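Have a look at the model first, then read on.

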Number of protein chains: 2
Amino acid sequence: MNSSTDGKSFPIPAGFSFSAVTAGIKASGSPDLALAVADSGASAAAMFTRNRVVAAPLVVGRSSLRSSRGKIRAVVVNSGNANCATGEPGLKAAQDVCRQTAKILGVRAREVFPSSTGIIGVPLPVEKIINELPALIQAREESEAAATRFARAIMTTDTRMKTAGAQFETRHGRVTLFGVAKGSGMIHPQLATILVYLFTDVSASAPDLRRLLRGVCDTTFNCMSVDGDTSTNDTVLLLASGKSGVKLAASGVRAAFGKVLAEVCQSLAKQVVADGEGVQHLIHLTVEQARSRDEALRVAKAIAHSALVKTAWAGADPNWGRILAAVGRSGVAVDPARVSIAIAEQTVCRKGQAAAFEESRAHADLSQPECEVRVSLGRGRASVRFLTTDLTAEYVRINADYST
Amino acid sequence: MNSSTDGKSFPIPAGFSFSAVTAGIKASGSPDLALAVADSGASAAAMFTRNRVVAAPLVVGRSSLRSSRGKIRAVVVNSGNANCATGEPGLKAAQDVCRQTAKILGVRAREVFPSSTGIIGVPLPVEKIINELPALIQAREESEAAATRFARAIMTTDTRMKTAGAQFETRHGRVTLFGVAKGSGMIHPQLATILVYLFTDVSASAPDLRRLLRGVCDTTFNCMSVDGDTSTNDTVLLLASGKSGVKLAASGVRAAFGKVLAEVCQSLAKQVVADGEGVQHLIHLTVEQARSRDEALRVAKAIAHSALVKTAWAGADPNWGRILAAVGRSGVAVDPARVSIAIAEQTVCRKGQAAAFEESRAHADLSQPECEVRVSLGRGRASVRFLTTDLTAEYVRINADYST
C-alpha cells in the first residue's frame with residue numbers, strides 16, 4: 001500500500017499559517033490541538049456528515065458558515081474527543097473554543113471554524129483547550145513544516161499522516177492547493193471521523209467554492225468505504241485565501257482548479273482507505289452499464305458493504321458468486337442474466353453464469369495490494385468508480401479489543 | 001449457546017415420510033440428498049428470497065406451486081451445490097430432478113418441490129442425483145429417525161442439526177407440527193442459504209397456509225441477521241397433510257396453530273443465528289418507540305449490519321456511541337436527543353447522551369452467550385424484536401480461508 005505521502009513535499013498556498021500543540025486530550029501525550037489561520041480571511045465551503053447524529057462542532061461550524069456568509073479566519077481542531085452526544089454542554093464547549101480563539105485573534109467568533117475527532121459521549125475537556133490557545137496562536141507559521149504539524153495533530157489511530165498538494169500555472173499567475181486528511185474507518189473503539197481540510201490561494205466566492213466542492217466530494221469522499229459506517233463528525237472544508245491574485249471566475253481557471261481539486265481529494269481519499277483498519281487490499285471497484293449514477297452507486301455500496309465479499313477479498317478469493325448475490329440484494333432491479341463481473345483483466349462471470357477463467361491468476365491478482373473489480377449491469381450507460389477494501393481478522397481485532 | 005435441539009425428540013405429523021442418501025455431491029461423502037413425501041398430498045405455502053439473483057430450484061418451485069395450486073407430494077433437497085447462476089442448464093436440471101421423482105412416485109412433476117444449497121455457479125451434477133432417486137424413494141419412512149436423517153442431509157457447514165416441533169390438542173383432535181432448518185449465515189466460501197421445511201397434519205387450504213406463513217416469517221426469519229447478506233436460495237416451505245382431521249378453519253384452531261407455528265419458526269431462527277459463523281454472542285435487539293414497524297426494522301437492520309457495532313459486541317464492549325451512530329445513518333429521521341439505549345438492565349445512553357452506568361457490569365452482561373440490547377427512538381409506539389450476533393475474527397477466518 002504505497003499511497004502515503006509521508007516524506008513528500010508540497011508547497012503551501014499563500015495566506016495561511018499553521019500550528020499544533022499538546023493540550024493533554026490524548027492520553028498518549030501526542031499533539032492534539034491544531035490551528036490553521038487565514039490572516040486576511042478566506043472564502044469557505046464545507047460538506048458535513050449525513051448522519052442524523054451530528055457532533056457539536058458541526059452544528060456550530062455550519063451555523064457560523066451561514067452567518068459569516070462563508071468567511072473564515074481560523075480553523076481549530078482537537079483530536080482525542082469527538083464532542084458528540086454531549087448535549088447542550090457540548091455545544092457551549094465548541095462555542096467557547098471559537099469565542100476564545102476569536103478574542104485572541106481579534107476576529108469574530110463566527111469566523112472561527114471548530115472540529116473535533118475522537119471518543120463519542122465524553123464531555124470535551126474545554127479548559128485544557130482554552131488554556132493552550134494563546135500558545136497555539138503564537139506558534140503559527142506560514143511553512144510546510146507547520147502544515148505538517150497540523151496534519152499530525154489531527155490524527156487519532158491513523159497510522160500515517162495524510163497530505164496532498166498541487167500547483168498549476170495560469171496566465172494570471174500560479175495557484176496552489178494543499179490538503180490534509182485524517183481517518184481510517186471508524187477506527188478505534190468509539191473513535192470516529194474523517195476530517196479533510198483543503199487550503200488554496202485562488203480567489204473565489206463561497207458559493208462558487210461550494211458548487212465545486214460538492215461535485216468533487218461526490219466522486220471522491222462519497223465513493224469510498226472501509227466499513228460502511230458513517231461517522232458523526234465527518235467534515236470536508238475548503239478555504240480560499242485569494243492571495244494568488246488568480247480569480248476562479250477567470251477564463252480557464254475554474255476547469256484547471258476543479259481538476260487539481262479532484263486529484264488532491266482523490267489522493268486523500270485513497271490515503272484514508274489504504275490506512276483503513278486492518279486493510280490488506282485496496283479494491284478499485286467499477287460499476288458500469290447502470291441506468292443512472294445513483295443506481296451504480298447503490299450497487300457499489302451493496303458490494304462494498306458485504307461482509308462476505310470483503311472477507312473473500314481478504315483471502316484473495318475470486319468468489320464472484322458473493323459479488324453477484326450482493327448485486328442481487330442491492331435494491332436495483334437488475335436482471336442477473338445480464339450481469340458480468342471481471343477481476344483485473346479476466347471476466348469471471350459472463351451474463352450471470354461462470355466464465356472460463358484462470359483461478360490461480362485471479363487469486364494472484366487479488367493478492368496484490370491493489371486490484372480492479374468491474375461489475376457490468378447491462379442496463380444503461382452510467383457508471384461509478386468506488387474505492388473500498390477487504391475485511392480482515394485484524395479489523396475485528398482492532399475494533400473488538402476492549403479494555404475499560 | 002444452548003439452543004441446539006440435537007438429542008431432543010419431536011413427534012412427526014401424520015402423512016409424511018422421510019429419507020436421505022449420499023449422492024456424492026459433497027466431497028465429504030456425507031449424505032447430501034434428502035426427500036420428504038406426503039403420500040396423500042399436502043397443501044403448501046412457500047416464502048422465497050427477495051434477492052434478484054434467484055437459484056434455479058426456486059424458479060421451478062415457485063412455478064410448480066402456482067400451477068398445482070399449492071398441492072405438493074414430495075420435496076427433494078440436495079446439499080453441496082446451490083444450482084444458482086447456472087443458466088438454462090440449471091433450470092433444466094431442476095426440472096429433470098422433479099420429473100424423475102414424479103415418475104417413480106406416480107405423481108405429476110409440478111407436485112415435486114425442488115431445493116438446492118451449496119456452491120454457486122457450478123453446474124448441478126444432475127446424473128448423480130437421478131441415479132440415487134430410486135434408492136432415496138425406496139428408503140422413506142414415517143419416523144422421527146428418518147426425519148432426522150433428512151435434517152442432517154440438508155446441512156452444509158452447519159455445525160448442528162436444527163429441528164423443532166410442537167403439538168397441541170383441540171376438541172377436534174391433536175395437531176402436530178415439525179420443522180427442519182439449515183443455515184449459518186452465508187457460511188463457507190460460496191455456500192449460501194437458509195432452508196426451512198415445516199410439516200403439519202392440520203387440514204388447511206394453500207391460501208390460508210400462505211397468509212399464516214407470511215405473518216410468521218415477518219417476525220422470525222425476516223428479523224434475524226448474521227452477516228447482512230441475503231442468499232440466492234432462501235426458502236421456507238410449509239406443508240399440511242390434513243391427516244389429523246383437524247381443520248385450520250375450525251373455531252380456535254387457527255389461533256392455536258399460528259402460535260405454535262411462530263414458536264417453532266422462532267426456535268429454528270434462533271438455532272440458525274446461534275450456529276452462525278464464528279458467533280460468540282447472540283444479541284436480542286429490541287427497537288421500540290418507532291412510528292411504524294417498518295421504521296423500527298430499518299433501525300434494527302442498520303444496527304445489526306454495522307461492522308463496528310458487531311465487532312464491539314465481539315469484545316463485549318458496551319460502546320453505545322457506535323449504536324447511536326448506526327441509528328443516525330439508518331435513514332429514519334430520528335432526533336438523537338430522544339434516543340435511549342439499554343444493555344441488559346442498564347440504560348447506557350439517555351436522550352442522546354451518556355447515562356451513568358456500571359461499565360464492568362455492562363461488559364459482564366455482553367460477555368454472556370445471550371444479551372438484550374434495547375434502543376428507544378422516542379417517536380411512536382411501534383417496535384420490533386431482532387435476532388443478531390457479534391462479528392468475530394473467527395467469522396473472517398471462516399470466510400477468508402481460500403484454497404483453490
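Axes here are lines fitted to C-alpha atoms, for helices over the stretch in contact, with angles running from 0 to 180 degrees between N-to-C directions. Helices (H or I, at least four residues) are DSSP runs numbered from the N terminus. This is a predicted model, in which local features need pLDDT of at least 70, side-chain atom pairs count only at pLDDT 80 or more, and totals for chains, interfaces and linings use all residues. Residues are numbered from 1 along each chain as its sequence is written, and chains are lettered from A and ligands numbered from 1 in the order in which they are written.

**Helices H7 and H9 of chain B**

- The axes of H7 (residues 293–304) and H9 (residues 320–328) in chain B come within 8 Å, crossing at roughly 130°.
- H7(B) and H9(B) are therefore oblique to each other (under 35 degrees is roughly parallel, over 145 roughly antiparallel, 65 to 115 roughly perpendicular, and the rest oblique).
- From H7(B), B:Val299, B:Ala302 and B:Ile303 meet B:Ile323, B:Ala326 and B:Val327 of H9(B) (contact means C-beta atoms, placed from the backbone, within 7 Å).
- The residues of this contact between H7(B) and H9(B) comprise six nonpolar, no polar and no charged (Ala, Val, Leu, Ile, Met, Phe, Trp, Tyr, Cys and Pro are nonpolar; Asp, Glu, Lys and Arg are charged; the others, Gly among them, are polar).

**Helices H1 and H2 of chain B**

- In chain B, the axes of H1 (residues 56–67) and H2 (residues 87–105) cross at roughly 55° and come within 8 Å.
- H1(B) and H2(B) are therefore oblique to each other.
- The H1(B) side of the contact includes B:Pro57 and B:Val60, and the H2(B) side includes B:Leu91 and B:Cys98.
- The contact of H1(B) with H2(B) has eight nonpolar, two polar and no charged residues.

Technical notes
Helix = DSSP H or I, 4+ residues; strand = E, 2+ residues; numbered from the N terminus. Contact = placed C-beta atoms within 7 Å.
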